[in-house]
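Hello,

Here is the structure I said I would pass on. Please open it first, then read the notes below.

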Amino acid sequence: MKALIAAVWMLGSAALAGPTLPPDSLYQWEGSMKDQRGNTVSWSVGQGRPVLISMFYSTCPYACPMLISSIKHLEKKLTPQARAQLVVVLVSMDPVRDTPEANRRMAVAHGVDPARWHFLQPESRDVPEIAALLGMTYRQNADGSFGHSMQVTALAPDGTVIAKRGTPNDEPAELLAAVERSAKAGR
């Protein structure tokens, strides 16, 4: 009888804890960050929905605005159903300057949907690990600017990588198809 009670308790505890993440889920990393509203949010802010994720810095004069425009262009190519489910996460590689206020100005300047777009300020110590998780490269230059890759990664609702786009000039068909499939599966 004790074994049965223990088994039922364990099943109940597992249900309360939520679904188990696959071992290759990026959501296994449990960091939190500040969003553009100043709220502390989980790294897995998009969990349960398809996500496009990348890194940026708000004082970037060329590449990051182009990256954001590229993601907005990708959004427009999605079906309305997939677009409504999509979450976009942009993690700063310059958290000292990319405060919630600076990130809010970025969101406003680019006219993005604040309910679905998250500009996140991690702790400085977490930036290298986040970049490694996403497979992105970056380096801070002497003038405070950054050299960085412009990769966009698509995540399934469970945080597993389903597609990557190396640059805004890469063909987006695979990335778009992965997001559409993920959105359909999540319904």
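Two strands count as paired if DSSP finds at least two bridges between them. Helices (H or I, at least four residues) and strands (E, at least two) are DSSP runs, numbered from the N terminus. This is a predicted model, in which local features need pLDDT of at least 70 and side-chain atom pairs pLDDT 80 or more, while totals for chains, interfaces and linings use all residues. Residues are numbered from 1 along each chain as its sequence is written, and side-chain values use heavy atoms, leaving out hydrogens and water.

The sheet: 5 strands form an open sheet in the order 5-4-3-8-9, with mixed pairing. Strand 5 (117-120) and strand 9 (161-165) are at the edges with a single partner strand each, so one side of each has no neighbour in the sheet. Strand 8 (residues 152-155) runs antiparallel to strand 9 and is joined to strand 9 by 4 bridges. In this pairing, L155 stands opposite V161.

The rings: the whole structure holds 5 aromatic pairs (Phe, Tyr or Trp rings, the six-membered one for Trp, with centres within 6.5 Å; planes under 30 degrees apart are stacked, over 60 edge-to-face, the rest tilted). One of them is W29 with W43: the centres are 5.3 Å apart and the planes at 85 degrees, so the pair is edge-to-face. W43 is buried, with a relative accessible area of 1% (buried means under 20%, exposed over 50%, partly exposed in between, with a 1.4 Å probe and protein chains only). W29 is buried too, at 15%.

Ring pairs also link F56, W117 and F119 into a cluster. Both F56 and F119 are buried.

Regards
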